[in-house]
Amino acid sequence: MPSLCCKMFTIIEMVYLFPRQRGSTVHSMISNFGTQLMTQERRKAIWAIYVWCRRTDELVDGPNASHITPKALDRWEQRLYDVFEGRPYDMYDAALSDTVSKYPVDIQPFKDMIEGMRLDLRKSRYNNFDELYLYCYYVAGTVGLMSVPVMGIAPESKASTESVYNAALALGIANQLTNILRDVGEDARRGRVYLPQDELAQAGLSDDDIFRGKVTDKWRNFMKGQIQRARMFFDEAEKGVSELNSASRWPVWASLLLYRQILDSIEANDYNNFTKRAYVGKVKKLLSLPAAYGRALLGPQKLTKMVTRSM
Ligand SMILES: CC(C)=CCC/C(C)=C/CC/C(C)=C/CC/C(C)=C/COP(=O)(O)OP(=O)(O)O
């Protein structure tokens, strides 16, 4: 499966490298000193969660992946229960135990991510988008759900908790769909097709076309639809970012803007995701940062005002 690791670290890097960018004035820096301390704690908590996700992912995608059995995943799940009950096995587990004791993090998305790894061991085709969506939820939507209790919802937010979780889920799904579209060729070389089989058939395509890896008009049209759907999930996610605590908005915007540009890059490669890897260049990446920062300044209230004004 497309690995979760690097993306995780993009977010961790954002959280770690730019931790002090949130307060725009000296006044707010001082008045938010308490939040600043809390933010430091939040960063550690997010790190602990992402390290766990990375280790989980490595079970099926890392160097020992070929030896991984469903039994090993059962043991990993048992270890997860121990972490949540305050009985960590090692120091990374201890960091997660500490996190779940401090934040209202639910165990369910963690269990679901392990379920996603089980699914990945036994399944290499997805009949329709419902099946693919479920897979994306397991391996990426879960990360969004794990993150919200730590990132926190802005105290001034009027949005329902449910809508913020929905947006977080949508961001995980959008990222994973993007990842899948970027890695079609790479996955095919491992005998895997993470695309809805019924939609491929409707477009007059089959697995063989993917293994052949020729960019045809049929393929371009199919890809246009897939990209459009991934963008819809990014749009859904956008609605929730402004509702997050101010310190969390900036890294989330940055990762959203950066990852969404991979879709543009697939288009720029004329939909050749068989042999060309879509990526976002350094300049574009750098340009995304001020854009992300600007958006992060817009908190929930300002956004409400903007919406009211435009109506
Ligand atoms: C939007 C709101 C309200 C909250 C944010 C909630 C969050 C943090 C959601 C993001 C979830 C996330 C990080 C999912 C990971 C999904 C993913 C596809 C990772 C891909 O990882 P790699 O394949 O390693 O990526 P690269 O190879 O591109 O680096």
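## Terms and model

A crossing is left-handed if the near helix is turned anticlockwise from the far one by less than a right angle, and right-handed if clockwise. Helix 8 passes helix 12 in such a left-handed crossing, where helices (H or I, at least four residues) are DSSP runs numbered from the N terminus.

The model is predicted, with local features needing pLDDT of at least 70 and side-chain atom pairs counting only at pLDDT 80 or more, whereas totals for chains, interfaces and linings use all residues. Residues are numbered from 1 along each chain as its sequence is written.

## Helix 8 against helix 12

The axes of helix 8 and helix 12 (residues 217–241) come within 7 Å and cross at roughly 150°; axes are lines fitted to C-alpha atoms over the stretch in contact, and angles run from 0 to 180 degrees between N-to-C directions. Helix 8 and helix 12 are therefore roughly antiparallel (over 145 degrees).

Helix 8 contributes residues including Ala167, Ala170, Leu171, Ala174 and Leu181, which meet residues of helix 12, among them Ile227, Ala230, Phe233, Phe234 and Ala237; contact requires C-beta atoms, placed from the backbone, to lie within 7 Å. The residues of this contact divide into 15 nonpolar, 5 polar and 3 charged, with Ala, Val, Leu, Ile, Met, Phe, Trp, Tyr, Cys and Pro counted as nonpolar, Asp, Glu, Lys and Arg as charged, and the others, Gly among them, as polar.

## Helix 13 and its two partners

Helix 8 (residues 161–182) also packs with helix 13 (residues 246–268), at an angle of about 30° and with the axes 10 Å apart, and the crossing is left-handed. Leu171, Asn175, Thr178, Leu181 and Arg182 of helix 8 make this contact with Leu256, Tyr259, Ile262, Leu263 and Ile266 of helix 13, giving 7 nonpolar, 2 polar and 1 charged residues.

Helix 12 packs against helix 13 at an angle of about 170°, with their axes 11 Å apart, which makes helix 12 roughly antiparallel to helix 13. This crossing, too, is left-handed. Its contact includes Phe234 and Val241 of helix 12 and Trp253 and Leu256 of helix 13, and its residues comprise 11 nonpolar, no polar and 5 charged.

## Helix 4 and an annotated span

Helix 4 (residues 70–84) has 15 residues and reaches 21 Å from its first C-alpha to its last, close to the 21 Å expected at 1.5 Å a residue (1.5 Å times one less than the number of residues). Just after helix 4, Gly86 takes a positive phi of about 80°.

An unreviewed UniProt entry places a "transmembrane region" at residues 132–154, although such annotations may be inferred rather than shown by experiment. In the model, residues 132–154 are 87% helix and 0% strand, and the end C-alpha atoms lie 32 Å apart.

Conventions
Helix = DSSP H or I, 4+ residues; strand = E, 2+ residues; numbered from the N terminus. Contact = placed C-beta atoms within 7 Å. Parallel < 35°, antiparallel > 145°, perpendicular 65-115°, else oblique.
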